[in-house]
Amino acid sequence: MKTTINFLVLLLVSIFCICSTLNADLNVIPHPQSVTEGKGFFNINETTSIVATPGAEMLAKYLAELIRPATGYKLSVRSNNIEVMPQNSIYLQLYRNKGRNNPEAYTLKVTPESILIIASDLQGIFYGIQTVRQLLPAEIESKQKIENFRWSVPSVEIKDFPRFQWRGMHLDVCRHMFPVEFIKQYIDVMAMYKLNTFHWHLTEDQGWRIEIKKYPKLAEIASKRDSTPIPADRSKSDGKPYGGYYTQEQVKEIVAYAADRFITVVPEIEMPGHSVAALTAYPELGCTGGPYKVRTTWGVEEDVYCAGNEQTFEFLENVMNEVLELFPSRVIHIGGDECPKTRWHECPKCQKRMKDNNLPDEHALQSYFITRMEKYLNSKGRVIIGWDEILEGGLAPNAMVMSWRGTEGGLAAARQNHYVVMSPNSHCYFDHYQSKDQSKEPPAIGGFLPLDKVYSYNPVPDELTAKQRKYIKGVQANLWTEYIPTVEQAQYMAYPRELALAEVAWTAENLKSYQRFLNTLKTELKRLDLLKVNYRNPFEN
């Protein structure tokens, strides 16, 4: 009897190890929450059909177009509710209002006869498609037809959903601007790895990058600077004028493109600091009245919006009116970071504002500023998020906090029952070096953030109670571009660290495995090659 029990235990352990090995070899980033391996493969061929529940037709067409270039197959696409899966088909099945609360969740069932993606929302169907995409050979990304190739998807059942609601990537276009086509590619890669929030940093001391029709000088003056620091030696300037902005038509194009990929674009309009470009165009909004000059060096500028001037709030409300027309995002980023109080301390208008509102100090004045803008945006049906400095002087009533100076700001906000996006510079600042040997890397702002450190991050601090942890909305990585002047370098800094972030944001903490991630990454780097995306190869040095 004892021998039989021991045999059964060994057999179960062996089966578990085999299953674990199979799961470890599943080429999907981020790794799904539940995986059951099957036998055999589903082979896509020229007679494969795509069937979609009514309402999911656009995603069926999207999948057909995704498959077409590399395979050469013009797969038939039809809309239908079916009871029995037809042979050699891919079925996108929407189950609306069936008790599934997470619109991003999906179930994927692959057998040798068919592929079935089930979800309660189009977003879940989209993520199921991304998983099928990764289960296919990386060659599916080829823009040229590949002859005599087997397009096989392994048999598997996956039940999947994200760990966090906010899975973000940020891009600063103020220090260096990037073409619309690059931003679309940036969004495409985000979507492939199931990230859903694009934080677009649009205004800064060094340049204002969004057209505001009521204030044309923002495009004419605030978008231009006389020169830029040289990345390799920040103490020197290149002496070359630099400028540009995105028209409202371009913004609409990017927002719509992202929406088609289930990505929300969150604009950031900085206030009250990081505003000297706007002050250069409209000097009456500053404490001294100027003259001001769009900043040609990096760092923090002491000139900020005047908090005692009613024109400041009129200007920002009018700017926001146009921003809200362009961005349907419920959340609007208002910055709030690195605002020196020197000018406010010396400004009669600011001091009067403090006296009239019984504000004890300039930190409280900043809280007044943020709270006032929050009330305005709340009245428009929007919610603000700001960097963790908005905690200083008192947090605005409904504000979300993006914690970047470590995790302390996030902890404080969650303890006050405010939603938090964790984005600490220790683990989420992709402008930091990727190697300790900086001579082998392009110039960067400093720091050291290797791939494994990004992957190791757990956005939910142990110090929080179970109730407080519910306020951790998600995680985001930031790509500040002071030292990133080109598309190629932006890609090099973003990838593959973004893939590690994707798994932090989606996969349950207890299911993460860095070794499995690295094994999968080898396939994904080939995929990035085919997509013509530059990256730092972590396997070469």
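**Note on a predicted model**

1. Strands β5 (residues 106-110) and β7 (residues 151-160) run antiparallel, joined by 5 bridges. Two strands pair if DSSP finds at least two bridges between them. Helices (H or I, at least four residues) and strands (E, at least two) are DSSP runs, numbered from the N terminus.

2. A word on the basis. This is a predicted model, with residues numbered from 1 along each chain as its sequence is written. Local features need pLDDT of at least 70, side-chain atom pairs count only at pLDDT 80 or more, totals for chains, interfaces and linings use all residues, and side-chain values use heavy atoms, with hydrogens and water left out.

3. Now the sheet. It is open and has 7 strands, in the order β1-β7-β5-β6-β4-β2-β3, with mixed pairing. At the edges are β1 (34-44) and β3 (76-79), and each pairs on one side only. Neighbouring strands are turned by 20 degrees against each other on average, direction ignored.

4. Helix α2 (residues 57-71) packs on this sheet. Helix α2 touches β1, β2 (49-52), β3, β4 (89-94) and β7. Contact means heavy atoms within 4.5 Å. The direction of α2 makes about 165 degrees with that of β2. Axes are lines fitted to C-alpha atoms, for helices over the stretch in contact, and angles run from 0 to 180 degrees between N-to-C directions.

5. Next, the rings. The whole structure holds 26 aromatic pairs. One of them is Tyr186 with Phe198, edge-to-face, at 5.8 Å centre to centre and 65 degrees between the planes. This pair links distant parts of the chain: Tyr186 is in helix α4 (residues 180-192) and Phe198 in strand β9 (residues 197-201), 12 residues apart. Rings of Phe, Tyr and Trp (its six-membered ring) pair if their centres lie within 6.5 Å; planes under 30 degrees apart count as stacked, over 60 as edge-to-face and the rest as tilted.

6. Tyr186 and Phe198 are both buried (under 20% relative accessible area, with a 1.4 Å probe and protein chains only; exposed is over 50%, partly exposed in between). Ring pairs also link them into a cluster with Phe178, Phe182, Trp200, Tyr246 and Phe327.

7. Finally, confidence. pLDDT is the predictor's confidence in each residue, from 0 to 100. The chain averages 94, and 94% of the residues score at least 70. Among the elements, β9 has the highest mean (99) and helix α1 (residues 2-24) the lowest (40). Over residues 1-24 the pLDDT is below 50. Beyond near neighbours in sequence, that stretch has 7 contacts in the model.
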